[in-house]
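Open the structure in your viewer and keep the selection tool at hand.

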Amino acid sequence: MTKRKPTIIEQAITDHHATLTLRVDADILDFTGHFAQFPLLPGVSQIDWATYYGQQLLQAAPKFAGMEVIKFQEPITPDMVITLKLEWVEDKQKLYFSYLSDAGTHSSGRIKLGY
């Protein structure tokens, strides 16, 4: 079986917020071929995970409608432990996300979702 998602170490969920502590396992398929000498988690994977967990845990809208203010600042590498913070703002139909670790902010932005 091909692994596409990280291991959830811890999670805290309220009505419109989720905080997940994730281990970005080295065997995740998305690392394959993405800079073989220095594997990095692709930005598209980070967007996919934020959308997936927002929809699964916060009941964010099911259809992708665009992105805003996406920033990739620090690389996410194999076996790193990171925190994913999510906020679903239903009246704006936007999912706010940020990936953080002791190294700082790895990425952040807003994903527009609709019905």
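Helices (H or I, at least four residues) and strands (E, at least two residues) are DSSP runs, numbered from the N terminus. Two strands count as paired if DSSP finds at least two bridges between them. The model is predicted, so local features need pLDDT of at least 70 and side-chain atom pairs count only at pLDDT 80 or more, while totals for chains, interfaces and linings use all residues. Residues are numbered from 1 along each chain as its sequence is written, and side-chain values use heavy atoms, with hydrogens and water left out.

**Strands**

Select residues 17–24, which form strand β2, and residues 80–89, which form strand β4. Eight bridges pair these two strands in the antiparallel sense. To find one of the contacts, pick A18: its bridge partner in β4 is L86.

**Rings**

How many aromatic pairs does the structure hold? There are two. Rings of Phe, Tyr and Trp (its six-membered ring) pair if their centres lie within 6.5 Å; planes under 30 degrees apart count as stacked, over 60 as edge-to-face and the rest as tilted.

Select Y52 and Y53. Their ring centres are 5.0 Å apart and their planes stand at 75°, so this pair is edge-to-face. Buried means under 20% relative accessible area, exposed over 50%, and partly exposed in between (1.4 Å probe, protein chains only). Y53 is buried at 5%, whereas Y52 is partly exposed at 33%.

Move to F97 and Y99. With centres 5.9 Å apart and planes at 70°, these rings are also edge-to-face. Both F97 and Y99 are buried.

The charged end of K5 sits over the ring of Y52, 4.7 Å from the ring centre. A charge sits over a ring if NZ of Lys or CZ of Arg is within 6 Å of the ring centre and within 35 degrees of the ring normal.

**Backbone angles**

Q93 is not a glycine, yet its phi is positive, about 55°. At 21% relative accessibility, Q93 is partly exposed.

Finish at V69, in strand β3 (residues 63–72). V69 is not a glycine either, and has a positive phi of about 50°. Its relative accessible area of 47% makes V69 partly exposed.
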